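Thanks for making time this morning. I would like to walk through one model with you, going helix by helix and then turning to a few single residues.

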Amino acid sequence: MLTRRSFLQSSAAAAALAASAGSARAETPGVTDTEIKIGQTMPYSGPASAYGVIGKADTAYFKMINEIGGINGRKINLISLDDGYSPPKTVEQVRRLVEEEKVAFLFNTLGTPPNLAIRQYLNDSKIPQLFVATGAATFSDPKHFPWTMGWQPNYQTEAKIFAQHILKTKPDAKIGVLYQNDGFGKDYLIGLKDGLGADHAGMVIKEASYETTEPTIDSQVVTLQGSGADVFLIAATPKAAAQAIRKCYDLGWNAVRYMTDVSQSIASVMKPAGLDKSKGVITAVYGKDPTDARWKDDAGFKEYAAFIANYMSPNDLIDSNAVYGFGASATMVQVLKQCGNDLSRENVMRQAANLKDLELPMGLPGLRINTSPDNFSPIRQMKLASFNGESWEQFGELLMG
């Protein structure tokens with residue numbers, strides 16, 4: 001757990017290790033004796049603006065770290081720019097960050113299409129694209145993109161876990177899938193069908209896609225209901241996910257509903273959909289739900305709650321997007337601590353690929369983050385959870401897809 005004392009002790013140890021090894025900092029853009037400048041794009045506007053809380057949490061977390069001494073004497077300067085979840089805007093903003101702001105690397109840039117739009121540029125330039133805020137499996141491909149690393153469990157992993165549960169609890173299911181028409185949504189189709197296997201692939205009887213620019217997905221939900229499906233998989237970002245939950249309920253469609261973990265926020269999805277209408281929705285989780293009373297005396301939750309109280313707003317406490325930013329930022333801090341005084345881009349990437357059994361304050365008990373040069377998927381464990389109208393109730397064991 002990250003306390004002020006443990007943080008300062010571990011930072012001092014990392015600095016001493018670097019000094020004893022005679023490590024010298026390579027000249028790296030954005031790195032001085034007092035600062036580490038990093039960049040980020042976030043959808044503070046546009047169809048995915050609910051995720052803007054992640055960027056706010058990242059910024060707040062680094063402010064907290066800076067107030068307790070920074071990393072080996074250096075303060076983290078995060079420049080977080082709005083891209084509206086628009087890939088062309090992402091490219092523009094990332095070029096500004098790299099070529100004008102001279103950031104050392106990119107951290108937690110959000111979205112599958114936005115990250116795809118900048119990945120080749122960053123890899124060609126040998127600039128780390130770390131802990132991208134998307135679960136698309138393509139961002140964990142060290143062989144082809146050695147400068148890009150994911151963070152959360154990938155979407156195919158989660159969909160495979162859903163498939164395992166469907167086969168176990170409803171082996172004769174007829175599955176309808178709503179998916180965002182991009183790499184994010186299509187990953188769920190791949191993972192679901194892989195998880196079902198060739199013998200059960202026919203259980204998916206209807207697929208309906210949507211574009212992020214569409215104002216509503218009501219017609220897609222009506223189509224899926226009309227197919228006769230009795231299981232409804234929602235692979236959608238928050239706005240569309242909330243609409244899908246609400247429309248499914250309003251139609252009287254009593255399908256078993258599974259929903260991507262990226263839309264499990266009670267504040268930005270379940271409340272807008274209607275708490276009663278959201279009862280019974282199943283998702284997969286890898287972090288502690290801040291609305292779940294079981295964690296009220298948990299040391300990790302207390303650390304998170306103190307962070308929110310001191311650096312964010314009370315409304316952010318129950319937002320899973322804030323939990324996400326809190327965890328991703330803590331992971332980034334660990335990488336920087338391991339770097340010691342060598343903050344070259346090469347060493348930042350090397351240390352990101354050398355995380356060993358890292359525990360996060362808001363990670364589920366038993367969850368460990370591990371990476372290696374051949375493993376760019378830091379989190380690979382999840383647990384199923386069902387929404388009870390107030391919070392997510394976990395059930396079963398930690399699973400790997």
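This is a predicted model: local features need pLDDT of at least 70, side-chain atom pairs count only at pLDDT 80 or more; totals for chains, interfaces and linings use all residues.

Which residues of H8 are buried? They are Pro238, Ala240, Ala241, Ala242, Gln243, Ala244, Ile245 and Cys248, where buried means under 20% relative accessible area, exposed means over 50%, and partly exposed lies in between, with a 1.4 Å probe and protein chains only. Residues are numbered from 1 along each chain as its sequence is written, and side-chain values use heavy atoms, with hydrogens and water left out. As for the labels, helices (H or I, at least four residues) and strands (E, at least two) are DSSP runs, numbered from the N terminus.

Staying with H8, this helix covers residues 238-250, and its 13 residues reach 18 Å from the first C-alpha to the last, close to the 18 Å expected at 1.5 Å a residue, the expected span being 1.5 Å times one less than the number of residues. The buried residues of H8 pack against strand E5 (175-180), strand E6 (204-210), helix H7 (218-226), strand E7 (231-235), strand E8 (256-259) and helix H9 (266-273), with contact taken as heavy atoms within 4.5 Å. Just after H8 comes glycine 252, which takes a positive phi of about 75°.

On helix H7, I would point to serine 219, which is found in that helix and is exposed, with a relative accessible area of 52%. Its C-alpha is separated by 9.5 Å from the C-alpha of alanine 208, eleven residues apart along the chain.

Now to H4, residues 112-124, which also has its span on record here: 13 residues reaching 19 Å from first C-alpha to last, close to the expected 18 Å. Where does H4 bend? The bend is at isoleucine 118 and amounts to about 35°, taken as the angle between axes fitted to the seven residues ending there and the seven starting there. Isoleucine 118 is also one of the buried residues of H4, which include Thr112, Pro114, Asn115, Arg119 and Tyr121. Their cover includes helix H3 (87-100), strand E3 (106-107), strand E4 (129-130), helix H5 (155-169) and helix H6 (183-196). After H4 comes lysine 126, with a positive phi near 55°.

Let me turn to helix pairs. Two packed helices are described by the angle between their axes and the distance between the axes. The axes of H3 and H4 come within 8 Å and cross at roughly 40°, which makes H3 oblique to H4. Here the axes are lines fitted to C-alpha atoms, for helices over the stretch in contact, and angles run from 0 to 180 degrees between N-to-C directions; angles under 35 degrees count as roughly parallel, over 145 as roughly antiparallel, 65 to 115 as roughly perpendicular, and the rest as oblique. Among the residues making the H3 and H4 contact are Val91, Val94 and Val98 of H3, and Pro114, Ile118 and Leu122 of H4.

The second pair is helix H2 (residues 52-67) with helix H11 (residues 320-339), which pack at an angle of about 45° with their axes 8 Å apart, and H2 and H11 are therefore oblique to each other. On the H2 side, the residues that meet H11 include Ile54, Ala57 and Tyr61, and on the H11 side they include Asn321, Tyr324 and Gly325. Isoleucine 54 is buried, with a relative accessible area of 3%, and, leaving aside neighbours within four places in sequence, isoleucine 54 is in contact with Met42, Asn108, Leu110, Asn321, Tyr324 and Gly325.

Finally, some backbone angles. Most residues other than glycine have a negative phi. Tyrosine 85, in the loop between strand E2 (75-82) and H3, has a positive phi near 60°, and at 9% relative accessibility it counts as buried. Aspartate 357, in the loop between helix H12 (345-352) and strand E10 (382-387), has a positive phi near 50°, but is partly exposed, with a relative accessible area of 47%.
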